[in-house]
Amino acid sequence: MADDERAPLTVLWFAWLRERAGTAEEQISPPPEIATVGALVDWLSAGSPRHAAAFQNRRAVRCAVNQDFADPATPLHPGDEVAFFPPVTGG
Amino acid sequence: MKIAGTIPGAIPTKISVQAADFDVGAEFAALTAEHTDIGGIGCFVGTVRANPTGPRLEALTLEHYPAMTERAIAAIAEQAAQRWPLLGCTVIHRVGRMVPGENIVLVLAASAHRQPALDATAFLIDWLKTKAPFWKQESFVDGSATWVDARETDDAAAARWAPGRTG
């Protein structure tokens, strides 16, 4: 089965999103049809209360895929590193 | 943690993400060493500010996304080097816990003349505040803690450097 060979996504959480998600890092294996950041957000939100809490206000959530800023349309591939975080506040 | 690097084929660039404080004088000296073509250096130092109203700030904790931070800063420095005739730049951003009065961030931009040096310095800090993956958490003496919200004024400051705008 090809599906068995799909590497999981590494999902990272930062700042208050980490607190709501309850973890800094997790391995997630969504079904193959979850092919974009937006689809992943929907799938995670529907799957667990802690993820739903993290994504409660999606306008306040930013994303990076493989360390580059991403948006809901950004495609996902097995093994990608997907990070969710609030708007940045450094400097 | 310390990440340091240079951009190959570009201007001399020092980027560091570190817990330790920095010495502004030493960074000036390092940037200008063996250079006689520099005519001006822009400098910005961001420091931890205690809020004059509201609960008393005990400390600021800077979190970041280690795998992404240096790349994001390098991309910003590269943009600056494309927009202005820079002879060198330095970006040092601290992470971890800092108390009011401590340094958070240093930006230096060197050029032959003052205007590119000053403009590039402003550009670098404006973009750092909106495009580099750092997050600030404030902890107060009363034991409470809160994540700092992004400010629309910061987005506006970064947007004034959009292509086609002269700043």
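Modeller: Start with B:D126 and B:R160, which form a salt bridge with the closest N and O atoms 2.8 Å apart. The term salt bridge is used here for a side-chain nitrogen of Lys or Arg within 4 Å of a carboxyl oxygen of Asp or Glu. This pair links distant parts of the chain, 34 residues apart. B:D126 sits in helix α3 (residues 114–131) of chain B. B:R160 sits in the segment after α4 (152–159) of chain B. Helices (H or I, at least four residues) and strands (E, at least two) are DSSP runs, numbered from the N terminus.

B:R160 is partly exposed, at 31%. Buried means under 20% relative accessible area, exposed means over 50%, and partly exposed lies in between (1.4 Å probe, protein chains only).

A word on the source. This is a predicted model, where local features need pLDDT of at least 70, side-chain atom pairs count only at pLDDT 80 or more, and totals for chains, interfaces and linings use all residues. Residues are numbered from 1 along each chain as its sequence is written, chains are lettered from A and ligands numbered from 1 in the order in which they are written, and side-chain values use heavy atoms, with hydrogens and water left out.

Now the wider picture. Over all chains, the whole structure holds eight salt bridges. One of them crosses between chains, from B:R71 to A:D68. Their side chains meet at 2.9 Å, N to O. B:R71 belongs to helix α2 (residues 66–83) of chain B, and A:D68 to strand β4 (residues 68–70) of chain A. B:R71 is partly exposed, with a relative accessible area of 40%. A:D68 is also partly exposed, at 42%.

Another salt bridge joins B:E27 and B:K14, with 3.1 Å between the closest N and O atoms. B:E27 lies in helix α1 (residues 24–32) of chain B and B:K14 in strand β2 (residues 13–18) of chain B, so the pair ties together parts 13 residues apart in sequence. B:E27 is buried, at 11% relative accessibility. B:K14 is partly exposed, at 27%.

Last, the cysteines. A search of the whole structure finds zero disulfides (pairs of cysteine sulfur atoms within 2.5 Å) over all chains. B:C43 is partly exposed, with a relative accessible area of 37%. B:C89 is buried, at 1% relative accessibility.
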